[in-house]
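Let's take a friendly look at how charged side chains pair up in a protein chain. Have the sequence and the 3D view ready, and follow along.

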Amino acid sequence: MAASRAAAAFLLASAWAAGAEAYRPFDGTDADVAELHELELELGPVGYYRTGAAHDFVSGGVINFGFLPRFELVLQGFDFYPLDATTPGTPNKFTDTGAFVKTVLREGCLQEKGGPSVATEIGPLLPTVNDAKGFGAYAGGIVSTCLGDSIIVHWNVEAQILRQSLDFDLFAGAILEPPPDKYVVRPVAEVFVEHDFGGVQTYSGLVGAIWRVSEKLSFDAALRIGWIQGQELNEVRAGFAWAIP
(Lines give C-alpha, C1' and ligand atoms only; values in the text may rest on other atoms or scores of the structure.)
Protein backbone atom coordinates (compact mmCIF):
# COMPACT_ATOMS: atom_id res chain seq x y z
CA MET A 1 0.00 0.00 0.00
CA ALA A 2 2.84 2.40 0.81
CA ALA A 3 4.36 1.78 -2.63
CA SER A 4 0.99 2.42 -4.31
CA ARG A 5 0.50 5.68 -2.43
CA ALA A 6 4.04 6.77 -3.26
CA ALA A 7 3.45 6.02 -6.95
CA ALA A 8 0.17 7.94 -6.83
CA ALA A 9 1.84 10.93 -5.21
CA PHE A 10 4.57 10.86 -7.86
CA LEU A 11 2.03 10.80 -10.71
CA LEU A 12 0.07 13.67 -9.21
CA ALA A 13 3.20 15.71 -8.63
CA SER A 14 4.30 15.04 -12.21
CA ALA A 15 0.98 16.23 -13.61
CA TRP A 16 1.06 19.37 -11.48
CA ALA A 17 4.74 20.08 -12.04
CA ALA A 18 4.14 20.98 -15.67
CA GLY A 19 1.34 22.41 -13.87
CA ALA A 20 -1.61 19.78 -12.63
CA GLU A 21 -10.41 17.59 -13.53
CA ALA A 22 -14.22 16.46 -12.13
CA TYR A 23 -15.31 13.06 -13.24
CA ARG A 24 -13.10 12.23 -16.24
CA PRO A 25 -13.24 13.30 -19.01
CA PHE A 26 -16.09 15.72 -18.27
CA ASP A 27 -16.50 19.28 -16.96
CA GLY A 28 -19.33 18.15 -14.69
CA THR A 29 -19.34 15.28 -12.21
CA ASP A 30 -21.49 12.48 -10.78
CA ALA A 31 -23.37 12.13 -7.49
CA ASP A 32 -20.89 9.69 -5.96
CA VAL A 33 -17.75 9.95 -3.83
CA ALA A 34 -14.61 7.95 -3.15
CA GLU A 35 -14.96 5.12 -0.68
CA LEU A 36 -13.79 5.71 2.89
CA HIS A 37 -9.98 6.18 3.01
CA GLU A 38 -9.74 5.60 -0.75
CA LEU A 39 -7.58 7.87 -2.91
CA GLU A 40 -8.83 8.54 -6.44
CA LEU A 41 -6.61 10.13 -9.08
CA GLU A 42 -8.24 11.57 -12.20
CA LEU A 43 -5.36 12.74 -14.37
CA GLY A 44 -5.15 14.17 -17.86
CA PRO A 45 -1.43 14.35 -18.64
CA VAL A 46 -2.02 15.01 -22.36
CA GLY A 47 -4.47 17.55 -23.76
CA TYR A 48 -4.85 20.21 -26.44
CA TYR A 49 -6.96 23.38 -26.20
CA ARG A 50 -7.63 25.92 -28.97
CA THR A 51 -9.82 29.00 -28.95
CA GLY A 52 -9.50 31.67 -31.63
CA ALA A 53 -5.82 31.99 -32.52
CA ALA A 54 -4.60 30.66 -29.15
CA HIS A 55 -3.27 27.10 -28.88
CA ASP A 56 -2.34 25.45 -25.57
CA PHE A 57 -0.98 22.14 -24.34
CA VAL A 58 -2.96 21.19 -21.23
CA SER A 59 -2.10 18.86 -18.36
CA GLY A 60 -4.41 18.61 -15.40
CA GLY A 61 -5.78 16.51 -12.63
CA VAL A 62 -8.07 15.98 -9.69
CA ILE A 63 -7.34 14.12 -6.50
CA ASN A 64 -10.27 12.81 -4.45
CA PHE A 65 -10.03 11.37 -0.95
CA GLY A 66 -12.86 9.74 0.98
CA PHE A 67 -12.31 11.14 4.48
CA LEU A 68 -15.72 10.23 5.93
CA PRO A 69 -18.58 7.99 4.77
CA ARG A 70 -20.41 9.87 1.95
CA PHE A 71 -17.81 12.71 2.02
CA GLU A 72 -14.73 13.33 -0.11
CA LEU A 73 -12.10 16.05 -0.40
CA VAL A 74 -11.53 17.28 -3.98
CA LEU A 75 -8.37 19.15 -5.08
CA GLN A 76 -7.90 20.26 -8.68
CA GLY A 77 -5.69 22.34 -10.97
CA PHE A 78 -4.77 22.72 -14.65
CA ASP A 79 -1.66 23.93 -16.47
CA PHE A 80 -2.05 25.67 -19.85
CA TYR A 81 1.21 25.87 -21.81
CA PRO A 82 0.93 28.21 -24.84
CA LEU A 83 1.95 26.74 -28.21
CA ASP A 84 1.37 29.89 -30.29
CA ALA A 85 4.75 30.79 -31.80
CA THR A 86 3.54 34.33 -32.65
CA THR A 87 3.60 35.28 -28.97
CA PRO A 88 6.99 34.05 -27.66
CA GLY A 89 7.60 34.38 -23.96
CA THR A 90 3.93 34.03 -23.00
CA PRO A 91 3.96 32.34 -19.57
CA ASN A 92 2.06 29.15 -18.88
CA LYS A 93 -0.97 29.42 -16.57
CA PHE A 94 -1.73 27.16 -13.62
CA THR A 95 -5.45 27.78 -13.26
CA ASP A 96 -8.91 26.34 -12.51
CA THR A 97 -7.59 25.61 -9.02
CA GLY A 98 -9.96 24.67 -6.22
CA ALA A 99 -10.50 22.72 -3.01
CA PHE A 100 -13.99 21.33 -2.44
CA VAL A 101 -15.93 18.99 -0.20
CA LYS A 102 -18.35 16.70 -2.02
CA THR A 103 -21.20 15.15 -0.06
CA VAL A 104 -23.74 12.50 -1.04
CA LEU A 105 -27.05 13.78 0.36
CA ARG A 106 -29.14 10.90 -0.93
CA GLU A 107 -27.87 7.43 -1.78
CA GLY A 108 -29.55 6.14 -4.91
CA CYS A 109 -28.82 4.17 -8.04
CA LEU A 110 -25.09 5.00 -8.05
CA GLN A 111 -24.88 3.43 -4.58
CA GLU A 112 -26.91 0.37 -5.69
CA LYS A 113 -30.12 1.71 -4.09
CA GLY A 114 -33.40 2.89 -5.56
CA GLY A 115 -34.08 6.30 -7.09
CA PRO A 116 -31.71 9.15 -7.98
CA SER A 117 -28.41 9.85 -6.25
CA VAL A 118 -28.05 13.45 -5.01
CA ALA A 119 -24.84 15.26 -4.02
CA THR A 120 -23.38 18.70 -3.43
CA GLU A 121 -19.87 20.08 -3.91
CA ILE A 122 -18.81 23.28 -2.12
CA GLY A 123 -15.55 25.12 -1.53
CA PRO A 124 -13.16 27.95 -2.43
CA LEU A 125 -11.59 28.69 -5.79
CA LEU A 126 -7.88 28.96 -4.99
CA PRO A 127 -5.29 31.48 -6.26
CA THR A 128 -3.79 30.76 -9.67
CA VAL A 129 -0.42 31.37 -11.30
CA ASN A 130 -0.35 33.92 -14.17
CA ASP A 131 -4.16 34.09 -14.25
CA ALA A 132 -6.94 35.70 -12.16
CA LYS A 133 -5.73 36.67 -8.70
CA GLY A 134 -7.31 36.06 -5.32
CA PHE A 135 -9.99 33.67 -4.12
CA GLY A 136 -13.47 32.83 -5.33
CA ALA A 137 -16.27 30.52 -4.23
CA TYR A 138 -18.01 27.52 -5.77
CA ALA A 139 -21.21 25.56 -5.01
CA GLY A 140 -22.66 22.77 -7.13
CA GLY A 141 -25.58 20.38 -7.03
CA ILE A 142 -25.59 17.00 -8.79
CA VAL A 143 -28.45 14.57 -9.45
CA SER A 144 -27.63 11.22 -11.07
CA THR A 145 -30.60 9.36 -12.57
CA CYS A 146 -30.45 5.79 -13.89
CA LEU A 147 -32.88 5.06 -16.73
CA GLY A 148 -33.22 1.31 -16.37
CA ASP A 149 -30.00 -0.51 -17.21
CA SER A 150 -29.48 1.48 -20.42
CA ILE A 151 -28.23 4.96 -19.53
CA ILE A 152 -27.23 7.17 -16.61
CA VAL A 153 -27.69 10.94 -16.73
CA HIS A 154 -25.71 13.16 -14.33
CA TRP A 155 -27.40 16.58 -14.06
CA ASN A 156 -25.12 19.41 -12.88
CA VAL A 157 -25.99 22.95 -11.73
CA GLU A 158 -23.14 25.14 -10.43
CA ALA A 159 -22.71 28.71 -9.20
CA GLN A 160 -19.40 30.53 -8.75
CA ILE A 161 -18.11 33.86 -7.54
CA LEU A 162 -15.10 34.34 -9.77
CA ARG A 163 -11.64 35.33 -8.60
CA GLN A 164 -10.51 38.95 -8.96
CA SER A 165 -13.59 40.22 -10.87
CA LEU A 166 -16.03 38.75 -8.27
CA ASP A 167 -18.51 38.30 -11.13
CA PHE A 168 -21.27 35.71 -10.70
CA ASP A 169 -21.10 32.63 -12.94
CA LEU A 170 -23.75 29.93 -13.61
CA PHE A 171 -23.20 26.50 -15.19
CA ALA A 172 -25.81 23.88 -16.19
CA GLY A 173 -25.00 20.61 -17.91
CA ALA A 174 -25.72 16.92 -18.34
CA ILE A 175 -23.46 13.87 -18.73
CA LEU A 176 -24.84 10.80 -20.52
CA GLU A 177 -23.26 7.36 -20.24
CA PRO A 178 -24.21 3.67 -20.08
CA PRO A 179 -23.68 1.86 -16.75
CA PRO A 180 -19.94 1.27 -16.22
CA ASP A 181 -20.33 -2.53 -16.15
CA LYS A 182 -22.38 -2.68 -19.37
CA TYR A 183 -19.48 -2.25 -21.81
CA VAL A 184 -15.71 -2.65 -21.56
CA VAL A 185 -15.42 0.49 -23.71
CA ARG A 186 -18.48 2.70 -23.34
CA PRO A 187 -19.45 5.82 -25.32
CA VAL A 188 -20.06 8.99 -23.31
CA ALA A 189 -21.28 12.52 -23.99
CA GLU A 190 -21.75 15.84 -22.20
CA VAL A 191 -23.46 19.14 -23.01
CA PHE A 192 -23.39 22.33 -20.96
CA VAL A 193 -23.96 26.06 -21.06
CA GLU A 194 -22.13 28.54 -18.82
CA HIS A 195 -22.86 32.22 -18.31
CA ASP A 196 -20.43 34.63 -16.66
CA PHE A 197 -22.39 37.76 -15.72
CA GLY A 198 -19.25 39.73 -16.59
CA GLY A 199 -20.24 39.08 -20.21
CA VAL A 200 -18.83 35.67 -21.23
CA GLN A 201 -21.17 32.96 -22.55
CA THR A 202 -19.97 29.40 -23.26
CA TYR A 203 -21.73 26.55 -25.08
CA SER A 204 -20.06 23.14 -25.11
CA GLY A 205 -20.55 19.60 -26.40
CA LEU A 206 -18.29 16.60 -25.71
CA VAL A 207 -18.17 13.05 -27.09
CA GLY A 208 -15.73 10.39 -26.01
CA ALA A 209 -15.15 6.90 -24.69
CA ILE A 210 -14.07 5.32 -21.39
CA TRP A 211 -12.19 2.01 -21.34
CA ARG A 212 -12.81 0.25 -18.02
CA VAL A 213 -9.74 -1.90 -17.41
CA SER A 214 -10.89 -2.92 -13.91
CA GLU A 215 -13.18 -1.66 -11.16
CA LYS A 216 -10.37 0.66 -9.99
CA LEU A 217 -8.72 1.72 -13.28
CA SER A 218 -10.05 3.27 -16.49
CA PHE A 219 -8.68 5.23 -19.44
CA ASP A 220 -10.54 7.89 -21.40
CA ALA A 221 -10.37 10.05 -24.52
CA ALA A 222 -12.75 12.80 -25.65
CA LEU A 223 -13.24 15.65 -28.10
CA ARG A 224 -14.93 18.85 -26.95
CA ILE A 225 -16.30 21.51 -29.31
CA GLY A 226 -17.81 24.76 -28.11
CA TRP A 227 -18.22 28.49 -28.50
CA ILE A 228 -16.96 31.09 -26.05
CA GLN A 229 -17.47 34.81 -26.62
CA GLY A 230 -18.45 33.97 -30.19
CA GLN A 231 -15.19 32.12 -30.91
CA GLU A 232 -15.01 28.42 -31.70
CA LEU A 233 -13.34 26.25 -29.05
CA ASN A 234 -11.74 22.85 -29.73
CA GLU A 235 -10.26 20.58 -27.10
CA VAL A 236 -8.80 17.07 -27.04
CA ARG A 237 -8.67 15.26 -23.69
CA ALA A 238 -6.99 11.98 -22.76
CA GLY A 239 -6.24 10.55 -19.35
CA PHE A 240 -7.07 7.96 -16.71
CA ALA A 241 -8.83 7.46 -13.39
CA TRP A 242 -7.20 5.26 -10.73
CA ALA A 243 -8.68 4.43 -7.33
CA ILE A 244 -6.21 3.34 -4.65
CA PRO A 245 -7.67 1.63 -1.55
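How many salt bridges does the count come to? The count comes to ten salt bridges, where a salt bridge is a side-chain nitrogen of Lys or Arg within 4 Å of a carboxyl oxygen of Asp or Glu. This is a predicted model, in which local features need pLDDT of at least 70 and side-chain atom pairs count only at pLDDT 80 or more, while totals for chains, interfaces and linings use all residues. Residues are numbered from 1 along each chain as its sequence is written, and side-chain values use heavy atoms, leaving out hydrogens and water.

**Arg24 and Asp220**
- Arg24 and Asp220 form a salt bridge, with 2.8 Å from N to O.
- This pair links distant parts of the chain, 196 residues apart: Arg24 is in the loop between helix H1 (2–17) and strand S1 (39–51), and Asp220 is in strand S11 (residues 217–228).
- Helices (H or I, at least four residues) and strands (E, at least two) are DSSP runs, numbered from the N terminus.
- Both Arg24 and Asp220 are buried, meaning under 20% relative accessible area, with exposed over 50% and partly exposed in between (1.4 Å probe, protein chains only).

**Lys216 and Glu38**
- The closest N and O atoms of the salt bridge between Lys216 and Glu38 are 2.6 Å apart.
- Lys216 lies in the loop between strand S10 (200–214) and S11, and Glu38 in the loop between H1 and S1, so the pair ties together parts 178 residues apart in sequence.
- Lys216 counts as partly exposed because its relative accessibility is 26%.
- Glu38 counts as buried, at 4% relative accessibility.

**Glu235, Arg224 and their network**
- Glu235 and Arg224 form a salt bridge, their closest N and O atoms being 2.9 Å apart.
- Glu235 is buried, and Arg224 is buried too.
- Asp27, Arg224, Glu235 and Arg237 are joined in a network of salt bridges.
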